[in-house]
Amino acid sequence: MKTLIHPTAVIHPNSELHSTVQVGAYAVIGANVKVGPETIIGAHAVLEGPCEIGARNHIFPGAVIGMEPQDLKYVGEPTWVKIGDNNAIREYVTINRATGRGEATVIGNGNLLMAYVHVGHNCVIEDSVVIANSVALAGHVHIESRARLSGVLGVHQFVHIGGMSMVGGMTRIDRDVPPYMLVEGNPSRVRSLNLVGLKRSGMPAEDFQLLKKAFRTLYRSNLLFKDALAELEMLGDTEQLEHLRRFLLLSQMPGRRGLIPGKGRKHASDD
């Protein structure tokens, strides 16, 4: 029978590993770590609890998950990392626990975090997100499903990145990235729709055309932001348009960072 746990691995007796979990050489698994079926933990990886990891994840060598947050407000309260199923967490990724009693840093399902990605405290990464090498997410960043982040970029704390958006490499993200858009540059700007991602998604042609009209209304019409939102209401009520409108409105609420502007604009809400 194949040996699933390397003899050099150090596993705390108060951890809980499914019988099908594989653990590589010199990995360290601390107390209050729970790992689900068929997950692979690579050599020299470190997992500290409280931490819950689901099924069929592949955690590559050197990854560090569940350490204390890099946050001066943290005073030792019990917090979590919670990771779903079918994620690939590549070499030397770091995922910190949350700040705030009972709070969690959350990774959903089917995500790819490439080498040297840092996920700060209280982040939420939904499903099917791809984050390329050497991306740093500050605390409380929320990334919606099917977003794509290219390599070597930083994301400011409390930023939201919309679903099916694309962020170009070495971009500074200090405000919210609207869904379905391609953002690039320093300072970052909305350049276009994420045309490649939208076409690959299998979205119906009529929905795709409505998003193109929405983009032109928001970023090419020279309308004030409030007037552009009113125009979006007239385009229709597809799932994508409703999500875009809701995201844009919520980005203006207290506690949010506001929106990354379009090309040639100082602010997304020039009104």
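Leaving aside its neighbours within four places in sequence, which residues is A27 in contact with? They are A9, V10, I41, G42, H44 and A45, where contact means heavy atoms within 4.5 Å. The model is predicted: local features need pLDDT of at least 70, side-chain atom pairs count only at pLDDT 80 or more, and totals for chains, interfaces and linings use all residues. Numbering runs from 1 along each chain as its sequence is written, and side-chain values use heavy atoms, without hydrogens and water.

A27 sits in the loop between β3 (22-23) and β4 (28-29). Strands are DSSP E runs of at least two residues, helices H or I runs of at least four, numbered from the N terminus. A27 is buried, at 0% relative accessible area; the cut-off for buried is under 20%, with a 1.4 Å probe and protein chains only. A27 and A9 are 18 residues apart in sequence, yet 4.8 Å apart in space, C-alpha to C-alpha.

Now the largest pocket. Its lining includes R146, M164, L182 and S201. Helix α1 (residues 195-200) gives the most to this lining, with four residues. A pocket here is an open set of points on a 1 Å grid over the protein atoms alone, where a 1.4 Å probe fits, with protein on both sides within 12 Å along at least five of seven lines; lining residues have an atom within 4 Å of a point.

The second largest pocket is lined by E126, E144, Y180 and H243, among others.

UniProt, in an unreviewed entry, lists residues 176-259 as "domain: UDP N-acetylglucosamine O-acyltransferase C-terminal"; such annotations may be inferred rather than shown by experiment. This span is 52% helix and 13% strand. Its end C-alpha atoms lie 5 Å apart.

Methods:
Buried < 20%, exposed > 50% of the residue type's maximum accessible area, 1.4 Å probe, protein only.
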